[in-house]
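Me: I have a model open and would like to learn how to read its features one by one. Please take me through them, with the general idea before each case.

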Amino acid sequence: MGVLVAIAAAVPTHARADDLLAAGDADNVWIVKPSADGKRFAILNNSGLDEPGQLSRVLTMTGSLTPRGIASADERLWMVFQPANPGAPALVQSLQVKVDATSHVPRTVKKVQPGLPPGIRLRALAASDTGPWALITIEDQDTLRQIDQPADKADGAPSVPPVAPARTDAAETDLRADTPPLRSSIPVDRLIRLRRNRWEKFDLPDDWPHGADAWVVLHKPSDAHPTLITAPLATQHDLIEVFDYADTGWTKHQHTLVASDIEPDKPPTARNAFAVDGQLVFARHDPTPNRLTVTTHLLLEDTAPAYGHLSIDAPPDQPWAVIPAGQTIALLTADPAGIITWTRMNLQDRTLHEPVALDQPRFKPLAVVANYVVLVAVLALATLTMFIFWRRDPTWNRLDLPESLILADLSRRAIAAAIDIAPGALLAMYLFQVDPVELSRRWPGQSESWRDMIPGMVVMGIYITHTLLSELFTATTLGKKVLGLHTVRLTGQPPNLWQVVARNVTKAFDLIAFPLLILPLIGPYRQRLGDLVAGTVVVTATPTDLEEPDDDE
């Protein structure tokens, strides 16, 4: 199969391709839109289910991403953040997004991944279905030693020969394998990938041009190894080298870009490389005034004849990107107002549509603001309930406990509640394969989509059901039993059926609208909302007085 390359030549003052951070795969196009102050950014999405002019806002995140710091594959977006300071590691996060075929509602799952080490500069990022690959330039000697030598090896110790891995990855060593580097002076390039929750080193070709413009590309998400593309010579901009990996090691092919509008002596600007339907694509800006043009080229043996064009009317300094979009090539640009325009072509040199502005909804639809809907509804109902029950006859809510009972302190009640909620939380984490942090994000009132709330709803359902049944028959729960607490009416008698149901069903309000948990702190009888509605309190036995000593003693 031939290799497709997209070329767009540019003058040095033109925009860099990574000024507009964008990535694409077989199903999705992702665009990063920074805020005006640079402290946040929005992730925008166009999926294969969307119209060409539709763009959805998935979510907003804090921070900023490094140039070339996004890649996507297998419904997952990988992001590399700018370090907080020059000596800090670069945070890496993955964002898995699945779009419902009926409602088009994106489900998002964010996960913090092992970060890139400090003292490096990200050169290129690509993603497979098992994780990302990164080409980095190391600018710190300690970081180079960490990657090339085992962490437990003392300085000056003799080198340990590299151990051949059990897999067929003959060029592969991980960050703890002591592989003598081909080049140890900094700055120096290294190829690493994230696998099994740690970054592993993969040897570069022996004749790799360190510091040259380079890109990491996977023909398919399932590929075991990437293809490396580089423009090795600063004085010959029409020469491209492609490195492919096989069981015997790296092989190199040189290609000369053949096009009348590419001048070999013109300095390059930003360029990009990726794969579309198993074929490689490369991009560079055409210097035509007020016109952004991409010229596609097909690599045939040692040449790359011109193949096709994509163009958008845009000023020379306007941010742009060219990326894969399913089985097409997409050219995107963003104007000063933040409006993103794109056009696409397929691999048969046919433009699918003229440049069209991607519509960005100002407000999220109801389906993706479920957290606000749930929270506002619960707070409104809780406020109405408190107003009704606090305004009723004060004599109805008068505490008259026998001397053998006193109100339980709030710390013991909190521990009892934690014990009661634990079975449901553990079961939900097992069923949905989430950790406690992720469970809290997928809680009713916290998650942005209804489907993402399901784990939290499961926890609440189990918690409310087993505490209701327990109090109905024993006036206590598992947690209360452990702490010596039980529920009674204001007169000290066991609660009736209506009171048990009312105080337990309203636990859902407390679990969704956490500010309601302040009620026991400000109320005279340490009652939460459910106790106010049902007319109940939580009590414990009065401590037995110490026996007085006998007169004879």
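Me: How many aromatic pairs are there, and by what rule are they counted?

Reply: A pair of aromatic rings is described by the distance of the centres and the angle of the planes. Rings of Phe, Tyr and Trp (its six-membered ring) pair if their centres lie within 6.5 Å; planes under 30 degrees apart are stacked, over 60 edge-to-face, and the rest tilted. By this rule the count is six aromatic pairs. This is a predicted model, in which local features need pLDDT of at least 70 and side-chain atom pairs pLDDT 80 or more, while totals for chains, interfaces and linings use all residues. Residues are numbered from 1 along each chain as its sequence is written, and side-chain values use heavy atoms, without hydrogens and water.

Me: Is the pair of Phe-41 and Phe-81 stacked, edge-to-face or tilted?

Reply: The ring centres of Phe-41 and Phe-81 are 5.8 Å apart and the planes stand at 50°, so this pair is tilted. Phe-41 belongs to strand S4 (residues 40-47) and Phe-81 to strand S7 (residues 76-81), so the pair ties together parts 40 residues apart in sequence. Strands (E, at least two residues) and helices (H or I, at least four) are DSSP runs, numbered from the N terminus. Phe-41 and Phe-81 are both buried, where buried means under 20% relative accessible area, exposed over 50% and partly exposed in between (1.4 Å probe, protein chains only).

Me: Which residues form an aromatic cluster?

Reply: Trp-133, Phe-202, Tyr-245 and Trp-250 form one. Within this group, Tyr-245 and Trp-250 make an edge-to-face pair, at 5.2 Å centre to centre and 65° between the planes. Tyr-245 and Trp-250 are both buried.

Me: On which faces of S20 are the residues buried?

Reply: In a regular strand the side chains alternate between the two faces of the sheet. In strand S20 (residues 279-284), six of six residues are buried. Gln-279, Val-281 and Ala-283 are buried on one side, and Leu-280, Phe-282 and Arg-284 on the other.

Me: How many bridges join S19 to S20?

Reply: Two strands pair if DSSP finds at least two bridges between them. Strand S19 (residues 271-276) runs antiparallel to S20, with six bridges. Ala-273 has Phe-282 as its bridge partner in S20. The hairpin of S19 and S20 has two residues between the strands, and Asp-277 there takes a positive phi near 55°.

Me: In what order do the strands of the open sheet of four stand?

Reply: The order is S23-S24-S25-S26, with antiparallel pairing. Strand S23 (320-325) and strand S26 (351-357) are at the edges with a single partner strand each, so one side of each has no neighbour in the sheet. S23 is joined to strand S24 (residues 328-334) by six bridges, and Pro-324 stands opposite Ile-329 in S24.

Me: Where is Gly-445, and is it buried or exposed?

Reply: Gly-445 is in the loop between H4 and H5. Gly-445 is buried, at a relative accessible area of 7%. The C-alpha atoms of Gly-445 and Val-378 are separated by 9.0 Å, and these residues are 67 apart along the chain.
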